[in-house]
Amino acid sequence: MLADARAQALVDGFATQWLGLRRLRSVVPAPDLFPEFDDNLREAFEQETKLFVGSQLRADLSVVDLLRADYTFVNERLARHYGIPNVYGSRFRRATFDDGARGGLLGQGSILTATSYPTRTSPVLRGNWLLEHMLGAPPPPPPPDVPALPDRGAGGRPASVRERLERHRDNPVCASCHARMDPLGFALEHFDAIGQWRATGATGAAIDAAGVFPDGTAFHGLAGLKTVLLSDHRQFVRTVVEKLTTYALGRGVQHHDMPAVRRIVRESAAHDYRWSSLVLGIVRSLPFQMRRSES
């Protein structure tokens, strides 16, 4: 099934829905700050992600490879954006990263741009996206009276987003959720609001891509973030199974579906969590077989 051309519908439907790629189409980075961004780059971002996920499906790889892969697909426009030399023309081709700077979903411009503001990156948006889409543990919505992020640092001086968020977390109401979100987002700070690699931020200071979880687990940059996520990859697999089950059922996963979800994760472990084992597990599950079609 996965080798059939019709499996592309799983990419166009499921992957686009799960990863929130539709937001990419409405994001308009500030032209004065990011003059190199245009619709051609936006389309290249979306095509990159679709080709990447499609390659994983057709090869029936482990879903964990969505995170740990060291390659992507680029054309000349996207390769220039990523700093990859010797790629010419509009045709997309596979490109491998040897330095760990990119590779896998988390280094792709589609996701990095869709989780940024038009004028700057947002560790909060990116951290929230990771919690919801990769770890299946979205934080609660912010309270209605949550204060805005300070425009400046202490004393009114220019400050990095990290420093401004540290001031924001001085409010105990804000600190509880930000303690989970912000470290994840900080790990992606080397990528600007349109997914380009950068060494320094808007203030000219060196980017600090270190993150520390409340339990003391520390990591740095995308490579460190991947290591943390892969250290307990079952949580990521469970999230993929939940999202895929939602897509298959045409409704959200409920508490009574969770035994089936856990069973799919357990049984697919023997097959290295390959896409085929997840799809077959869902097809054979009670929620799928007992689903009701609309009359």
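**Close-up views of a predicted model**

**View 1. A59 sits in the loop that runs between helix 2 (39–58) and helix 3 (65–68).** Welcome to this structure, which is a predicted model. With a relative accessible area of 44%, A59 is partly exposed. Look also for W275 in this view: A59 and W275 are separated by 216 residues in sequence, yet their C-alpha atoms are 9.0 Å apart in space.

**View 2. T121 is a buried residue in the loop between helix 5 (109–114) and helix 6.** Its relative accessibility is 3%, and it counts as buried because that value is under 20%. The side chain of T121 takes part in a polar contact of 2.7 Å with the side chain of E189. A polar contact of 3.4 Å links the side chains of T121 and R198. Leaving aside residues up to four places away in sequence, T121 touches E189 and R198 together with S116, R126, V161, F191, D192 and A193.

**View 3. Helix 6 covers residues 123–134, twelve residues in total.** From its first C-alpha to its last, helix 6 reaches 15 Å, close to the 16 Å expected at 1.5 Å a residue. Several of its residues are buried, among them P123, G127, W129 and L130. R126, one of the residues that T121 touches, is also a buried residue of helix 6. Towards the end of the numbering, L131, H133 and M134 are buried too.

Technical notes: Residues are numbered from 1 along each chain as its sequence is written. This is a predicted model: local features need pLDDT of at least 70, side-chain atom pairs count only at pLDDT 80 or more; totals for chains, interfaces and linings use all residues. Side-chain values use heavy atoms; hydrogens and water are left out. Helices (H or I, at least four residues) and strands (E, at least two) are DSSP runs, numbered from the N terminus. The expected span of a helix is 1.5 Å times one less than its number of residues. Buried means under 20% relative accessible area, exposed over 50%, partly exposed in between (1.4 Å probe, protein chains only). A polar contact is a pair of N or O atoms within 3.5 Å; within protein, one must be able to donate a hydrogen and the other to accept it, and residues adjacent in sequence count only if both atoms are side-chain atoms. Contact means heavy atoms within 4.5 Å.
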